[in-house]
Amino acid sequence: MEDMELKKDHEPGWWKGISYADAKKFIKTNIQQMSRSFIAIGYYLKYIRDSKGYEEDGYRDIWGFAGDQYGISRSTASRWMAMNDKFSAGGNSPIVADQYKGFRKSQLQEMLYLTDEQGAEVSQDMTVKEIRKVREPDEEKPEGEEKLRPYEKHGC
């Protein structure tokens with residue numbers, strides 16, 4: 001039976017007949033794999049940076065290497081390395097720390113900007129918008145006063 005299932009997985013077009021439930025499972029699995037991939041890429045970029053491996057190909061820094069070799073911008077490479085620092089096992093490994101395994105890449109990316117106290121308030125089921133509110137809670141306004149947009153305060 002198991003061999004039949006494996007054969008089916010390798011048949012061209014096998015994905016066309018999947019169920020809605022299976023499609024949702026595949027999305028979730030692939031999103032989790034993306035998070036693991038970004039943590040791992042961040043680690044390997046840091047490894048190449050720290051060992052100056054980029055010099056073997058004639059690059060002056062990690063940024064030129066990442067851009068030329070993989071099309072990764074400086075800001076993206078920096079963000080992935082920071083994600084590795086904060087969310088990998090031990091802070092410097094290609095493996096996602098256990099407490100972050102269920103988080104999506106977009107959640108982890110938003111969580112980069114949280115303090116440790118704010119991070120403790122975040123859960124896997126929160127949306128990016130909800131995580132952002134933890135970082136930037138709505139300003140409290142005095143009772144009876146409406147919150148004005150900056151341009152409305154000056155009569156514009």
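The model is predicted: local features require pLDDT of at least 70, side-chain atom pairs count only at pLDDT 80 or more, and totals for chains, interfaces and linings use all residues. Residues are numbered from 1 along each chain as its sequence is written, and side-chain values use heavy atoms, with hydrogens and water left out.

**Overall organisation and confidence**

The chain has 8 helices and 0 strands, where helices (H or I, at least four residues) and strands (E, at least two) are DSSP runs numbered from the N terminus. Of the 156 residues, 26% are buried; buried means under 20% relative accessible area, exposed over 50%, and partly exposed in between (1.4 Å probe, protein chains only). A contact is defined by heavy atoms within 4.5 Å. Among contacts between residues at least 6 apart in sequence, 42% join residues at least 24 apart.

The mean pLDDT (the predictor's confidence in each residue, from 0 to 100) is 85 for the chain, and 81% of residues reach 70 or more. Among the elements, H3 has the highest mean pLDDT (97), and helix H8 (residues 150-153) the lowest (40). Over residues 144-156 pLDDT stays under 50, and the model has 5 contacts beyond four places in sequence for this stretch.

**Helix H3**

Ile 62, Phe 65 and Ala 66 are buried in helix H3 (residues 62-70). They lie on the same side of H3 because they cover an arc of only 95° around the axis, the arc being that of the directions from the helix axis to the C-beta atoms. The buried residues of H3 pack against helix H2 (20-51) and helix H4 (74-87). At the start of H3, the backbone nitrogen of Trp 63 is within 3.1 Å of a side-chain oxygen of Asp 61. Gly 71 follows H3 and has a positive phi, near 70°.

Lys 105 belongs to helix H5 (residues 105-111). Lys 105 is buried without a salt bridge, and the nearest side chain of opposite charge, that of Glu 110, is 10 Å away; Lys and Arg count as positive and Asp and Glu as negative, while His and the chain ends are not counted. Beyond its neighbours within four places in sequence, Lys 105 contacts Ser 35, Phe 38, Trp 80 and Met 83.

Gln 107 also lies in helix H5 and is buried, at 0% relative accessible area. Outside four places in sequence, its contacts include Gly 102, Ser 123 and Ile 131. Gly 102 is also in contact with Gln 32, a residue of helix H2. The C-alpha atoms of Gln 32 and Gly 102 are separated by 6.7 Å, although the two are 70 residues apart along the chain.

**Salt bridges**

The whole structure contains 6 salt bridges, each a side-chain nitrogen of Lys or Arg within 4 Å of a carboxyl oxygen of Asp or Glu.

| Pair | N to O distance |
|---|---|
| Asp 85 and Lys 46 | 2.5 Å |
| Arg 49 and Asp 50 | 2.7 Å |
| Asp 98 and Lys 101 | 3.1 Å |

Asp 85 in helix H4 and Lys 46 in helix H2 are 39 residues apart, so this pair links distant parts of the chain. Lys 46 is buried at 3% relative accessibility, whereas Asp 85 is partly exposed at 44%. Arg 49 is partly exposed at 33%, and Asp 50 is exposed at 53%. Asp 98 is exposed, with a relative accessible area of 61%, while Lys 101 is partly exposed at 43%.

Technical notes
Polar contact = N/O pair within 3.5 Å; in protein donor to acceptor, adjacent residues only side chain to side chain.
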